[in-house]
Amino acid sequence: MGRIVAHPLTVGALANALNAELLGDPDTLIRSVSSLDAASDGDLTFFSDRKHRAAAEQVAACILIVRDVDRDISNGIRLIHPAPHLAFAQALDLLFPLDRVIAGVAAQAAVDATAQIAGAQIDAFAFVGARTRIGAGSRIHAHATLHNDVELGDNCNVHSSAVIYPGVRLGHRCIVHSGAVIGADGFGFQPVKNGWRKVAQVGGVVIGDDVEIGANTTIDRGAIDDTVIGDGVKIDNQVQIAHNCHIGDHTAIAGCVGIAGSARIGKRCMLGGAVMVVGHLSICDDVVVSGGSLVSRSIDKPGQYTGIFPITPHRDWMQIAAKLRRSIR
Amino acid sequence: MGRIVAHPLTVGALANALNAELLGDPDTLIRSVSSLDAASDGDLTFFSDRKHRAAAEQVAACILIVRDVDRDISNGIRLIHPAPHLAFAQALDLLFPLDRVIAGVAAQAAVDATAQIAGAQIDAFAFVGARTRIGAGSRIHAHATLHNDVELGDNCNVHSSAVIYPGVRLGHRCIVHSGAVIGADGFGFQPVKNGWRKVAQVGGVVIGDDVEIGANTTIDRGAIDDTVIGDGVKIDNQVQIAHNCHIGDHTAIAGCVGIAGSARIGKRCMLGGAVMVVGHLSICDDVVVSGGSLVSRSIDKPGQYTGIFPITPHRDWMQIAAKLRRSIR
Amino acid sequence: MGRIVAHPLTVGALANALNAELLGDPDTLIRSVSSLDAASDGDLTFFSDRKHRAAAEQVAACILIVRDVDRDISNGIRLIHPAPHLAFAQALDLLFPLDRVIAGVAAQAAVDATAQIAGAQIDAFAFVGARTRIGAGSRIHAHATLHNDVELGDNCNVHSSAVIYPGVRLGHRCIVHSGAVIGADGFGFQPVKNGWRKVAQVGGVVIGDDVEIGANTTIDRGAIDDTVIGDGVKIDNQVQIAHNCHIGDHTAIAGCVGIAGSARIGKRCMLGGAVMVVGHLSICDDVVVSGGSLVSRSIDKPGQYTGIFPITPHRDWMQIAAKLRRSIR
């Protein structure tokens with residue numbers, strides 16, 4: 001059996017919720033879900049890509065969400081929906097509802113007397129600093145730290161061991177995963193005789209609504225002005241966003257990306273895994289950068305950009321590398 | 001003097017424990033250890049590679065673990081062993097024994113009443129959620145967080161500020177270093193009008209026995225099915241393993257590696273530092289990928305693979321890069 | 001208005017502190033600061049680069065720190081200084097003074113009875129282990145962990161959720177940002193039949209004075225000898241420094257850099273973002289490595305080095321990559 005659901009539903013109730021046509025017994029209970037690859041009898045699963053049609057025919061005893069063109073896939077239970085992937089995501093929200101937020105402060109939390117936290121859940125070992133405001137319906141998990149003067153909107157989740165430095169502002173419905181650090185000092189130093197002089201980082205971080213920030217991601221505070229993350233931006237794990245970057249609305253940033261100081265990324269961009277962006281560049285709206293590329297100059301036309309040395313058997317690589325080196329002699 | 005040992009031994013006792021031939025006074029006490037490079041009189045050190053023979057002759061007053069072919073290296077104390085490096089590692093385990101686990105819960109810990117923790121050590125500021133089970137001989141260090149329904153085997157170490165999300169399962173003898181985050185949501189979103197819709201990540205993470213997970217490494221939970229880490233896998237620091245990856249037994253992953261979603265890595269592979277693996281690829285057993293390479297296609301033959309742009313003086317690089325760009329005109 | 005200062009000063013007082021010539025009313029109060037780009041009336045700002053002269057003329061109602069050659073930039077308030085950027089940094093230190101350290105231990109901290117912490121501030125949920133020594137004027141923030149036998153100098157800041165493993169030593173005036181992990185085990189394993197054998201990591205980490213360590217950066221303890229970070233080294237976020245590395249004084253390491261085991265980096269080097277350094281290499285003093293490069297061989301001459309595959313539109317990239325692959329047929 002696949003993943004057991006937290007809140008079983010009948011297929012009839014699900015069809016209603018999804019506004020889907022139902023083929024089969026409406027009283028059948030959905031007890032488990034699965035990907036198409038791993039599906040077994042009775043699991044709820046879906047497919048929309050024609051190339052998976054053959055695989056879907058093999059799991060005819062599942063409860064399948066399919067498009068109209070695939071309604072003949074089986075004699076079993078089917079929900080007909082124009083966007084099966086989206087419908088499945090909606091089903092997951094119903095079958096695995098989020099923990100309900102229970103407003104209150106755990107006995108082992110540390111909350112400053114001047115913090116404003118009405119309607120939020122503050123778990124054990126959470127730390128909330130002076131004058132920090134947390135919106136209703138938000139949850140601060142065990143070991144999360146919100147320092148002084150932080151503003152967090154409604155219905156946010158700040159996970160364990162995330163750290164939010166003083167003065168950082170986040171909008172509503174933001175999710176900050178464990179180990180993320182928002183608002184640490186930017187890397188600002190001046191060369192002086194015998195080394196480096198630290199430049200105080202007095203800017204802030206301003207984050208919009210509906211932003212998700214992955215585990216162990218870091219977003220530095222601005223040097224003077226703010227670092228700005230737009231609405232709907234989605235940031236994966238282990239990403240580094242340096243001081244004074246601006247990330248446009250609805251841009252998605254995959255894991256291990258690094259964005260150097262004062263770079264400006266447009267709206268609706270997609271940065272693949274491990275992309276690095278040099279500082280003080282700008283990337284316009286609607287740019288896709290392939291994973292592993294280094295963006296070393298500004299991009300002012302939408303489209304896909306790539307800069308990756310092709311992987312080869314090691315022996316071949318040695319020849320290519322030698323040839324490149326020779327090419328400049 | 002080198003590193004002072006925590007638990008001094010006589011060379012006689014060590015020779016017995018290693019099953020090594022001893023040349024020299026068995027009652028001499030080992031008080032310190034060192035690498036060959038930094039060795040001074042009386043330190044325990046070793047060498048096995050012939051090219052270090054000359055260096056070893058310079059440290060004749062050390063206690064040396066050597067192979068039989070090097071028994072004439074000095075007139076000092078020598079332990080003759082067929083694998084000096086391995087013997088030295090065994091010696092370290094005796095000279096620096098691990099802290100003994102003292103079962104019990106610190107007064108400042110937060111442990112849910114339904115957790116099962118018999119025989120484990122739970123330190124101050126550790127957090128253990130509902131129904132979580134921790135095996136005997138395991139230690140949960142200060143500020144580690146194990147959320148609800150976690151399963152952790154026997155003789156594990158979860159270090160400070162590591163976070164384990166709900167439902168994650170780990171086997172026996174696992175080590176999770178500080179700041180590691182296991183089971184955060186995978187990066188799963190659907191494009192919708194005006195941005196992205198979060199897809200609930202309801203899969204888990206299943207980790208085998210004898211796995212070591214480095215500091216600040218992240219391993220995401222599966223979208224529907226599980227993310228799976230095999231037995232004996234060794235993962236260095238700052239590694240990102242995305243949702244639904246499968247890592248085969250005894251594979252070693254060096255620092256800063258990123259593995260995108262649903263990638264399948266075989267058994268006994270070695271990924272060098274900063275390797276990036278594109279999602280939905282598969283790498284067969286016994287593949288070695290050179291540090292810094294991006295794996296952009298599946299690999300189905302064992303062997304070493306590389307894709308790195310060769311480093312050169314900056315002026316030369318500008319010529320090579322210009323030549324590459326011109327090559328497509 | 002720009003960033004509101006924490007501690008307003010008159011321009012007269014600032015001119016005195018900076019030893020700058022003042023043009024304008026000395027009693028004007030500085031209430032806000034800004035970058036040149038974002039400056040509005042009354043903000044303190046600066047410029048020194050001639051190419052920003054036109055922009056500076058647009059913000060004539062600001063309080064401007066300028067060089068003597070630009071004294072005619074406006075009729076407004078000007079402070080004349082030979083190094084405006086440096087003067088501005090000095091001004092920031094006066095206008096945004098650091099929180100004063102208030103020696104004492106918060107009620108919710110956990111400090112071992114044998115720790116030596118006179119003159120330090122230990123916040124709620126800070127953890128300080130046995131025999132650990134913390135210098136006067138240092139602050140250990142909420143959720144920071146200093147394990148047993150750590151030595152921390154005077155006037156240091158260890159931020160929230162940073163973890164310092166047993167036996168690590170740091171000098172004076174060090175800053176450790178949130179989520180940094182210092183002293184976790186190096187990635188040391190020996191190949192054995194059926195996998196890998198862990199090699200105890202018994203070395204330490206020794207860190208000099210005036211070192212700054214970024215958020216979520218990791219520095220591993222040595223295998224036998226120590227990992228060594230020199231005086232004045234500045235390390236950005238998400239950096240990985242493996243066991244037994246040596247980093248020379250005043251070297252600056254940008255975000256996402258990885259340095260493999262036993263690499264030796266000289267003094268006054270600058271490693272750009274995401275640079276990777278292969279293990280057991282050495283880089284001499286005064287080397288600059290461009291961001292994104294992989295250092296795969298030792299560098300023994302000062303200068304700038306680069307190894308980056310140039311980014312192009314994706315279609316062009318496919319041609320270049322195909323051409324490289326063909327070049328070895």
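What share of the 329 residues of chain A counts as buried?

Modeller: This is a predicted model, in which local features need pLDDT of at least 70 and side-chain atom pairs count only at pLDDT 80 or more, while totals for chains, interfaces and linings use all residues. Residues are numbered from 1 along each chain as its sequence is written, and chains are lettered from A and ligands numbered from 1 in the order in which they are written.

In chain A, 58% of the 329 residues count as buried (20 or more other C-beta atoms within 10 Å of the residue's own, C-beta atoms being placed from the backbone). Chain A has four helices and 38 strands; these are DSSP runs, H or I of at least four residues for helices and E of at least two for strands, numbered from the N terminus. The C-alpha trace of chain A spans about 80 × 70 × 35 Å along its principal axes. Of the contacts in chain A between residues at least 6 apart in sequence, 23% join residues at least 24 apart; a contact means C-beta atoms, placed from the backbone, within 7 Å.

Chain A also meets chain B: 52 residues of chain B are in contact with 52 residues of chain A. Elements of chain B that give two or more residues to this side include β19 (181–184), β37 (303–306) and α4 (314–326). By class, this side of chain B has 24 nonpolar, 21 polar and seven charged residues; Ala, Val, Leu, Ile, Met, Phe, Trp, Tyr, Cys and Pro count as nonpolar, Asp, Glu, Lys and Arg as charged, and the others, Gly among them, as polar.

Strand β37(B) also pairs across the boundary. Two bridges join it, antiparallel, to strand β38 (residues 312–313) of chain A, and DSSP must find at least two bridges for strands to pair. The bridge partner of A:Thr312 in β37(B) is B:Thr306.

How the copies are arranged comes next. Chain B superposes on chain C (RMSD 0.1 Å) by a rotation of 120° with 0.0 Å of shift along the axis. That is the relation of a three-fold axis. B:Phe309 is the residue of chain B that comes closest to the rotation axis, at 3.4 Å (C-alpha). Only 19% of the interface residues of chain B are also interface residues in chain C, so the copies meet through different surfaces.

Conventions: Copies are superposed by least squares on the C-alpha atoms of residues with pLDDT of at least 70 in both. Two residues are in contact if their C-beta atoms, placed from the backbone, lie within 7 Å. A residue is buried if 20 or more other C-beta atoms lie within 10 Å of its own, exposed if 12 or fewer, and partly exposed in between; C-beta atoms are placed from the backbone.
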